[in-house]
Amino acid sequence: MANYSYIGYAPGVISLSFTGFNSGTITLSSGYDPNTDRRVFDVTDAAGGTLVNGDPDNGTDFNGDRFNNEVGDDLTQTGVVTSLDGSTTFDSGAIYLEESYALTKPGGGTIDVFRVEVEGSLVGYITSEPLVPGTAYSFIRSNVTPSNAPDTTDPTAIVDVPCFTAGTLIDTPTGAKAIEDLAEGDLVLTLDHGPQPIRWIGSRTLTSAELRAKPRLRPVCVSAGALGAGLPRRDLRVSPQHRMLVRSAIAVRMFDAQEVLIPAHKLVGVPGVHVDETASSVKYYHILFDRHEIVTAEGAPSESLYTGPEALKSIGRDARDEIFEIFPELDDPDHVPIAARPIPETGKRARHMIHRHVKNARPLIDRA
């Protein structure tokens, strides 16, 4: 029995405009509110049977409805659609992906969008990466088959802001300091630009009740030494979407870059990396510099706050307004932040890279 979940968009905030039979534009509403306009799709899939076209059902694909008969290819695939905090159930029953859309990003590249239905009713959309509100993306439409279905091992397409947990030691010119003891203006050591002043620092606390309602926000624990080269020096706990730096020959072969940034949740399964199911509550901190930086947390290289539009929406209106006062250019919908290191666009390739490290017993951080 396979169980997987996605966080996606509510039906009403996505609009489609067709200019041809299988082409047109998709737009996320400029009034999109991440607190109320997201949906959770919890899917249960029993393996071992066959799809309606006779293909084997391995229980690991989020299958579609390629015959457009409002039944779905996989008769054992059921789902429950809820609000982000789980307090409201919108629909449940036989769930499937009615169709997919390959979107063209304004700056190049593509985004996959999937229309999710429960027994003929539209219940929302999931995407391979967040959409920018108010941006019209051109698309090509196709039916969903196992070959173009989303990666069920990477169910967090729409994400919450990455952050460190309280107690994390951050390297500064005067030694390592707990992140909760840092303040705006304090200098932090960065991998690329030496000591840099913190321009903004924020925090949020998730109670035990909130973690029970939103288990996807539980911290990921990277145990001491789990990354290789003796790093981190102590157990490091970060939010699931917080990106850690991977430096290896495998990264070079797969991404043509010696160093890449990978979300912590994709490292789960590496010996010593796991979701902290025991956390009764957690306080997350995020720090912002003049640019996206690589900082050292418990000795391990990791990212500062990356000011993409979805991350900024996730931190709350008041915090976002504070940041816009410091960096007004971030309020421009056409602004594209520059990442400190390459960030793989597809979760499937990043997951494959981590699998190769585990299979070959290679550290995620080479000493070189």
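Rings of Phe, Tyr and Trp (its six-membered ring) are paired here if their centres lie within 6.5 Å, with planes under 30 degrees apart called stacked, over 60 edge-to-face and the rest tilted. By this rule there are four aromatic pairs. In one of them, the ring centres of phenylalanine 18 and phenylalanine 139 are 5.4 Å apart and the planes stand at 90°, so this pair is edge-to-face. The two partners come from distant parts of the chain, 121 residues apart: phenylalanine 18 is in strand S2 (residues 14-18) and phenylalanine 139 in strand S9 (residues 136-142). Strands, here and below, are DSSP runs of E with at least two residues, numbered from the N terminus.

Before going on, a word on where this comes from: the model is predicted, so local features need pLDDT of at least 70 and side-chain atom pairs count only at pLDDT 80 or more, while totals for chains, interfaces and linings use all residues. Residues are numbered from 1 along each chain as its sequence is written, and side-chain values use heavy atoms, leaving out hydrogens and water.

Phenylalanine 139 is buried at 3%, whereas phenylalanine 18 is partly exposed at 39%. Together with Tyr101, Phe18 and Phe139 form one aromatic cluster.

Now look at the strands around this pair. Two strands pair if DSSP finds at least two bridges between them. S2 and strand S3 (residues 23-28) run antiparallel and are joined by five bridges, and a hairpin of four residues connects S2 to S3. S3 also pairs with S9, again antiparallel and over five bridges. Glycine 24 in S3 stands opposite phenylalanine 18, and the bridge partner of glycine 24 in S9 is phenylalanine 139.

A charge sits over a ring if NZ of Lys or CZ of Arg is within 6 Å of the ring centre and within 35 degrees of the ring normal. Arginine 39 lies over the face of phenylalanine 90, at 3.8 Å from the ring centre. The charged end of arginine 141 is placed over the ring of phenylalanine 21, 5.3 Å from its centre.

Let us turn to the salt bridges. A salt bridge is a side-chain nitrogen of Lys or Arg within 4 Å of a carboxyl oxygen of Asp or Glu, and the whole structure has 13 of them. Among them is the one between arginine 243 and glutamate 303, with the closest N and O atoms 3.1 Å apart. Arginine 243 lies in strand S18 (residues 243-247) and glutamate 303 in strand S23 (residues 300-303), so the pair ties together parts that are 60 residues apart in sequence. Both arginine 243 and glutamate 303 are buried.

Glutamate 259 meets arginine 247 in another salt bridge, with the closest N and O atoms 2.7 Å apart. Here glutamate 259 is in strand S19 (residues 259-263) and arginine 247 in strand S18, twelve residues apart. Glutamate 259 is buried at 15% relative accessible area, and arginine 247 is buried at 15%.

A further salt bridge joins glutamate 293 and arginine 291 (3.3 Å, N to O). Glutamate 293 is buried at 0%, while arginine 291 is partly exposed at 38%. Finally, salt bridges with shared partners connect Asp192, Arg247, Glu259 and Arg341 into one network.

Technical notes
Buried < 20%, exposed > 50% of the residue type's maximum accessible area, 1.4 Å probe, protein only.
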